[in-house]
Amino acid sequence: MNPAIQRDQTEFLYQQVVRLVRQLQQQQLLRVGDRLPSLRQLSQQLGISIPTVRQGYEELERLGIIEARDRSGYYLKAENRPQCRPVRLPLSTEPVPVRQQSLLEQFYQAVHQPGILPLGIAQPSMAQPSEKALLRTMRRVTTLAGQQVMHYGPIDGFAPLKRQLAFRYLDVGLSLQPDELIITNGGQEALAIALQAVAKAGDVIAVESPTYFGVLELIETLGMMAVEIPVCPDDGIWLADLQHALQHQPIRACVFSSSISNPMGSFMPDAQREALVQLLEQRGIPLIEDDVYGELYFGAARGRPAQCFSHQGLVLTCSSFSKTVAPSYRVGWLLPGRFGSEVWRLKRALSFASSLLNQWTMSEFIASGDYDRNLKKLRQVLALNKERMMALVQQYFPAGTKVSNPQGGAVLWIELNEQADCSDLFQQALRQGISIAPGTLFSPSQKFRNCFRLSFGVRWQPELELAIQRLGQLAIRAS
């Protein structure tokens with residue numbers, strides 16, 4: 001890039017830097033995700049001082065046009081259209097049975113069809129795969145452990161891995177003993193065990209709206225009912241709505257993702273998370289926190305798990321390595337609060353033990369430092385992918401399309417106009433070789449017909465941009 005600028009004597013010099021970057025953006029010489037010239041490079045090319053260039057970049061950062069990345073430089077961000085956030089739906093008045101099996105089966109069949117671009121499934125670790133370091137670690141473990149890894153492991157999990165996890169929770173202010181942790185076969189088993197530990201068939205479970213469809217499938221399978229609590233695109237569930245529901249519905253337990261929600265990508269501030277726990281514990285209601293995206297935040301620091309604010313042991317934390325390392329390893333865990341004995345019994349009854357080899361590998365992967373190094377890169381790649389995909393949606397989708405601005409994770413929540421039917425869009429996109437997740441999957445009462453989830457947890461490639469363009473054309477027809 002060889003920037004040239006016409007000097008305007010009525011402007012401060014730093015404002016000319018701002019104007020130059022905007023011009024390059026409009027001419028598409030700078031695209032979302034591109035790195036801007038360094039301070040020194042632009043200073044030399046424009047004949048102005050480095051502090052002046054820095055002042056211009058800081059102004060662009062304040063305007064939300066660029067972002068600074070630690071030891072990497074400045075990068076162009078996507079700009080949101082005004083008034084483009086998903087709308088808040090009214091609070092549901094009654095619990096409803098969940099009936100999602102048919103549409104879920106269609107969705108999962110589509111994901112595994114050959115030649116389909118899987119933009120409907122959330123696999124953030126695929127954006128920055130760690131298979132080389134992970135396979136190297138597994139080979140080392142196999143050599144060191146020998147036949148030991150062929151046996152059943154302890155029911156509650158591999159002790160060194162549990163110690164590693166306990167140390168990591170100390171960093172976010174949660175003190176626990178390794179013996180309190182239960183290792184599970186992925187986050188889904190952790191959620192299933194947690195639900196069965198605190199509720200039974202016929203009980204009412206409060207869920208986010210929209211919420212992860214895996215939670216809804218569990219509620220359906222266990223014969224429970226669901227009541228929906230609307231999610232703010234920025235701050236998680238509306239506590240006033242939850243309080244109203246608690247006063248009028250026989251809610252037995254709650255399942256929320258207060259760190260990074262799926263599919264909205266909202267992040268509940270710590271003060272609000274503490275208020276949530278207090279609200280529930282005053283009524284003796286357990287909270288199951290689905291924290292699988294907790295480490296995929298885009299901000300300066302991850303939020304503290306809700307369990308940090310529990311005084312009665314009524315919070316159960318579920319998480320896994322599926323989103324941060326590898327879905328196929330199926331290594332998750334559960335912090336059961338005061339429900340430890342019931343959780344231990346359910347784990348023994350449901351699966352007896354989790355893969356010892358995979359647990360041992362994950363323990364060594366963390367101890368070597370490879371996990372944190374890969375996690376840092378993964379967050380950077382996902383944040384860049386988000387900006388790129390938001391820009392493409394804004395460019396190719398119909399006017400009036402609303403898009404979430406996730407604060408972590410790997411998915412966008414797209415809202416088309418009220419006439420659109422995204423179940424039809426799902427089928428049309430499949431015929432174009434693209435899978436998306438239709439919005440009705442994320443609601444037990446079939447809300448969000450005009451919405452869908454779109455994953456940016458993929459390796460970026462030119463074919464992806466063409467796919468978003470084709471999807472945008474289909475969305476225009478659907479609207």
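Two strands count as paired if DSSP finds at least two bridges between them. With that in hand, hello everyone, and let me show you around this model, which is a predicted one.

Let's start with strand β12, residues 332-335. Strand β11, residues 315-320, is joined to β12 by four bridges, and the two run antiparallel.

Now, where do the side chains of β12 go? In a regular strand, side chains alternate between the two faces of the sheet. In β12, Gly 332 and Leu 334 point one way, while Trp 333 and Leu 335 point the other way, and all are buried.

Next comes strand β7, residues 225-232, which is mostly covered, with seven of its eight residues buried. Which sense does each pairing of β7 have, parallel or antiparallel? With strand β3, residues 96-97, β7 pairs in the antiparallel sense over two bridges. With strand β6, residues 204-209, β7 pairs in the parallel sense over six bridges. Please have a look at Ala 226 in β7: this residue is the bridge partner of Val 96, and also of Ile 205.

Let me turn to a loop residue. Ile 285 sits in the loop between α10 (270-281) and β10 (287-290). Is Ile 285 buried or exposed? Its relative accessibility is 8%, and buried means under 20%, so Ile 285 counts as buried. Leaving aside residues up to four places away in sequence, Ile 285 touches Leu 246, Ile 251, Arg 252, Ala 253, Cys 254, Leu 280 and Leu 314.

On to the helices. Packed helices are described by the angle and the distance between their axes. Helix α2, residues 39-46, and helix α3, residues 50-62, have axes that come within 9 Å and cross at roughly 115 degrees. The two are therefore roughly perpendicular to each other, and the crossing of α2 and α3 is right-handed. On the α2 side you will find Leu 39, Arg 40, Leu 42 and Ser 43, meeting Ile 50, Val 53, Arg 54 and Tyr 57 of α3. By class, that contact has five nonpolar, one polar and two charged residues.

Further along, helix α13, residues 370-396, meets helix α15, residues 462-478: these axes also come within 9 Å, and they cross at roughly 40 degrees. α13 and α15 are therefore oblique to each other, and α13 passes α15 in a right-handed crossing. From α13 the contact uses Met 389, Leu 392, Val 393 and Tyr 396, and from α15 the residues include Leu 464, Ile 468 and Ile 476. The residues of this contact divide into seven nonpolar, three polar and one charged.

Finally, a sheet. Four strands form an open sheet in the order β13-β14-β17-β16, with antiparallel pairing. Which strands are at the edges? They are β13 (402-403) and β16 (437-438), each pairing on one side only. Two bridges join β16 to strand β17, residues 451-455, and these strands run antiparallel. To find that pairing on the screen, go to Ala 437, whose bridge partner in β17 is Arg 453.

Note on methods
Residues numbered from 1 in each chain as written. Predicted model: local features only at pLDDT ≥ 70, side-chain atom pairs only at ≥ 80, totals over all residues. Heavy atoms only, no water. Axes fitted to C-alpha atoms, helices over the stretch in contact; angles between N-to-C directions. Parallel < 35°, antiparallel > 145°, perpendicular 65-115°, else oblique. Left-handed = near helix turned anticlockwise from the far one by under 90°. Contact = heavy atoms within 4.5 Å. Nonpolar A, V, L, I, M, F, W, Y, C, P; charged D, E, K, R; others polar. Buried < 20%, exposed > 50% of the residue type's maximum accessible area, 1.4 Å probe, protein only.
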